[in-house]
Amino acid sequence: MSEECSPSLTAPVNFEQLAAARREWIESVLRVWCRQATLKELRKAEQEWFDIAGRVDVNPTLWTWAWERFPDIVHPDLPGVHETFETRVTLTDGQQIVGYPDGRKSQRGMLVIVGKTQAGDLKFHDPISIDLVAAVERP
């Protein structure tokens, strides 16, 4: 038997240990993976999310965890992007966009920012891929 297939020395022996091991895997592997995966990989995972993560909704898990790579855009107790605070989004090309995230329009790894024109009118910026976001901060 190869080492890869051998049973773990710390295999759960009861349901409580099994559930704890599953929670640990979700926090230390799955959630961490979401924070660094590309949009293409996240969308692949989305298709199989019930099998990968269990019977949970992708919005408060996969997509919220993906946006956690930018702590200023998520709320620790609420799913999705946080709309309350104005943010400065720096793109990988150096461009900066200032405004408020639109949680309803920001879907599946695409961020929509609502800013203001110089005349003070609302401006909805084009959706921005999570792959093109370099940083998010509160000004």
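Is Arg108 buried, partly exposed or exposed? Arg108 is partly exposed, with a relative accessible area of 35%. For the cut-offs, buried means under 20% relative accessible area, exposed means over 50%, and partly exposed is in between, with a 1.4 Å probe and protein chains only.

Quick housekeeping. This is a predicted model, where local features need pLDDT of at least 70 and side-chain atom pairs count only at pLDDT 80 or more, while totals for chains, interfaces and linings use all residues. Residues are numbered from 1 along each chain as its sequence is written, and side-chain values use heavy atoms, with hydrogens and water left out.

Back to Arg108. You'll find Arg108 in the loop between strand 4 (96-101) and strand 5 (110-111). When I say helix or strand, I mean DSSP runs numbered from the N terminus: H or I with at least four residues for helices, E with at least two for strands. Most residues other than glycine have a negative phi.

Okay, on to the inside. A nonpolar core here is a set of buried Ala, Val, Leu, Ile, Met, Phe, Trp, Tyr and Cys residues joined through side-chain atoms within 4.5 Å. The largest one has 28 residues, and those touching the most other members are Leu42, Trp49, Leu62, Trp67, Ile73, Leu111 and Val133. Several elements each supply at least two residues of this core, among them helix 1 (15-34), helix 2 (39-47) and strand 9 (133-137). Which helix gives the most? That's helix 4, with five residues.

Let's zoom in on Leu62. Contact means heavy atoms within 4.5 Å. Leaving aside neighbours within four places in sequence, Leu62 is in contact with Cys34, Leu42, Ala45, Glu46 and Trp49.

And Trp49 brings us to the rings. A search of the whole structure finds two aromatic pairs. The rule is that rings of Phe, Tyr and Trp (its six-membered ring) pair if their centres lie within 6.5 Å, with planes under 30 degrees apart counted as stacked, over 60 as edge-to-face and the rest as tilted. Trp49 and Trp65 have ring centres 6.2 Å apart and planes at 65°, so that pair is edge-to-face. Trp49 is in helix 3 and Trp65 in helix 4, so the pair ties together parts 16 residues apart in sequence. Trp49 is buried at 1% relative accessible area, and Trp65 counts as buried at 8%. The other pair, Trp67 and Phe70, has centres 6.2 Å apart and planes at 45°, so we call it tilted.

Rings also meet charges. A charge sits over a ring if NZ of Lys or CZ of Arg is within 6 Å of the ring centre and within 35 degrees of the ring normal. The charged end of Lys105 sits over Phe124's ring, 4.2 Å from its centre. Likewise, the charged end of Arg138 is over the ring of Phe85, 3.8 Å from the centre.

Last stop, strand 3. Four of its five residues are buried, so to speak mostly covered. Strands pair if DSSP finds at least two bridges between them. Strand 3 pairs with strand 4 in the antiparallel sense over four bridges, and with strand 9, also antiparallel, over four bridges. Thr87 stands opposite Gly99 in strand 4, while Thr90 has Ala135 of strand 9 as its bridge partner.
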